[in-house]
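Here are my notes on the model, as numbered points. Please read them with the structure open.

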Amino acid sequence: IACVLSGLPESIIAAACARSGQSVLHVDSRNYYGGNWASFSFSGLLSWIKENQQKTDISDEREDWRKLILENEDVISLSKKDKTIEHVEDFCFGDQDSAEDVEEAGALPKLPVFGASGAEGVAQESEKECPPMESALPEAASREPEKATGTEPASAMEGNDTEISSENESSPSMALGESALELGKTEASPSENSAQEPKKITYSQIVREGRRFNIDLVSKLLYSRGLLIDLLIKSNVSRYAEFKNATRILAFREGKVEQVPCSRADVFNSRQLTMVEKRMLMKFLTFCLDYEQHPDEYQDYENSTFAQFLRTQKLTPSLQHFILHSIAMVSENDCSTLEGLQATKKFLQCLGRYGNTPFLFPLYGQGEIPQCFCRMCAVFGGIYCLRHSVQCLVVDKESGRCKAVVDHFGQRISANYFIVEDSYLSESICKNVCYRQISRAVLITDQSVLNTDAEQQVSILTVPPVDVGKPAVCVIELCSSTMTCMKDTYLVHLTCPSTKTAREDLEPVVQKLFNLNREKETENEELEKPRVLWAVYFNMRDSSGVDRNSYDGLPSNVYVCSGPDSALGNDCAVKQAETIFQEMFPTEEFCPAPPNPEDIIYDEDEIAAEESGFSNSPDTKPEPSMEESSSGGSTDVKKEDDEE
């Protein structure tokens, strides 16, 4: 199996193939894992911004590779330029102290290194003062790489070196398990300084503490009963990561941010709702949990929107707003009644598994998840090559199947199956493909959008469309205990389907929620808003949902994976990975749990073979390393009893 790019679907497929005994080569032209699913330190993100603003072509191709192509073979050239990111604009709103000669703190124990600042030490340092309200990027200079430590396999360590089980400074975290949750309290204790003004954060501080940031290119949460959580538990990949509850569901209504009661306890403890509203809400949510059993309640509205259906359910306007935008999280104009009921039921079913909200967030960012599956692949013999681009696919003229790839060194690499991310396909193959776009913004702010006694909150907020024809915007706010930002700051992700450039789509929402002015305003309204210290906007290609037949002249044994989609969860990537794996190996189980060494039962022949130094048992090869088998926080593989 040859996988090109290390995004989430490709990493899941690679792990599944390696676990089933296949030989896997996983190459990526970038110097970090994850592709558009990656996470970066602050300096790494600056490097990524600069790279995508310049958009230079890759010109390290060797001409002599064409000598490797035989007469009965054709060539499908791959794209040498990433066109999935557009309209990148970054701004600094923080205090304009000079960031010249400021370096990232180097001696930070148990902190991850991601993205361009990770795998091969392409950490960047800002040398110029951050430009005020301009899209120009501070110049950056490379720094010496840090040596990887630990006992991870070399192929897994080569990328983003992360100590998954690191202790975090103030955050209780959890490891996934089916029966129990290793979690203390999800809310941090009230801060002594919660009533005081937020500390003044300068740009040089952000640069200096840049390694404390882990900034995701794609903003998502994990549904506690979603496909990805189930896969992490089933495959035992959950041992490689830790998670934190998304502690608050928020709503934006009448210009104010409010907390939405979701669980039964939250509803009855809420001071926002009257007693009558509490009964209304509980009655409707109870109906949604088993709406299929009461078709007479909604069948007359199947052709109506969910918003229209809610107006018929004797719900107050505030309850309709909460259900539509904060529980179902669907569009007011495009979502049908059935889709809205399904979304509400999914939300409610996820409540209570790991806390009072249905969502989890991986510590150190979403970019951890592809790396976790890469580690599993490496443990079972997968080979990883970063900074290793592929020039073309070699296709047999007679059979029409792909036989090999040729890399930028001029080497020909043969394989039976090929997994390629959509961004690697050339325009000649994608000429009939119509792509959607995602608008993204990432902000660093000095306080939360809704201040409470508990500072360390992970919040999700859906902002309704600001104008007709505009989409709703999903806002995810991360605190420092998620290990994604420095102390006394918050990392805010905004996402929506694109209608224009990311800045045009998202800046109106940013202006509603945050203060963009450097000077303190006299108005109380502006003083209450969190202050934006730094921001970046960009558009990302959404290739999900593209039919395979849309790709022109693609060989039957070449499978295309899409990049991130605009949905909040990861179900699309997991479904795609499982579908492709089953097409290649219909009789194999998808991502079974690896055996623990103590659970393996040896017969006499196997023991004798091991003593003589030879063992070909498929149950014992490859065997997880001691570090893999001793990692905690995951579901135990069911032990077999030795009946003899």
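1. Where is methionine 483 placed? Methionine 483 sits in the loop between strand S21 (473-478) and strand S22 (490-497). Helices and strands here are DSSP runs, numbered from the N terminus, of at least four residues (H or I) for helices and at least two (E) for strands. The phi of methionine 483 is positive, near 65 degrees, in a residue other than glycine. Its relative accessible area is 7%, so methionine 483 is buried; buried means under 20% relative accessible area, exposed over 50% and partly exposed in between, with a 1.4 Å probe and protein chains only.

2. On the basis of these values: this is a predicted model, in which local features need pLDDT of at least 70 and side-chain atom pairs count only at pLDDT 80 or more, while totals for chains, interfaces and linings use all residues. Residues are numbered from 1 along each chain as its sequence is written, and side-chain values use heavy atoms, with hydrogens and water left out.

3. Overall, the protein has 16 helices and 24 strands. Of its 644 residues, 57% count as buried. Among contacts (heavy atoms within 4.5 Å) with a separation of 6 or more, 76% are between residues 24 or more positions apart.

4. Cysteine 591 also deserves a look. It is not a glycine, yet its phi is positive, about 50 degrees. Most residues other than glycine have a negative phi. Cysteine 591 is in the loop between H14 and helix H15 (604-611), and it counts as buried because its relative accessibility is 0%.

5. Next, a pair of loop residues. The side chains of glutamine 457 and threonine 247 are joined by a polar contact of 2.5 Å. A polar contact is a pair of N or O atoms within 3.5 Å; within protein, one must be able to donate a hydrogen and the other to accept it, and residues adjacent in sequence count only if both atoms are side-chain atoms. Glutamine 457 belongs to the loop between strand S19 (436-445) and strand S20 (459-463), and threonine 247 to the loop between strand S10 (243-245) and S11. Glutamine 457 is buried at 6% relative accessibility, and threonine 247 is buried at 11%.

6. Helix H10 (residues 337-350) has 14 residues and reaches 20 Å from first C-alpha to last, close to the 20 Å expected at 1.5 Å a residue; the expected span is 1.5 Å times one less than the number of residues. Its buried residues include Thr337, Gly340, Phe347 and Cys350. They are covered by, among others, strand S11 (248-253), helix H7 (275-289) and strand S13 (359-362).

7. In helix H11 (residues 368-379), twelve of twelve residues are buried, including Arg375 and Glu368. The end C-alpha atoms of H11 are 17 Å apart, which agrees with the 16 Å its twelve residues should span at 1.5 Å a residue. Glycine 381 follows H11 and has a positive phi, near 100 degrees.

8. Finally, a helix contact. In H5, Leu227, Leu228 and Leu231 meet Asp571, Val574 and Lys575 in H14. By class, this contact has four nonpolar, no polar and two charged residues.

Technical notes: Nonpolar A, V, L, I, M, F, W, Y, C, P; charged D, E, K, R; others polar.
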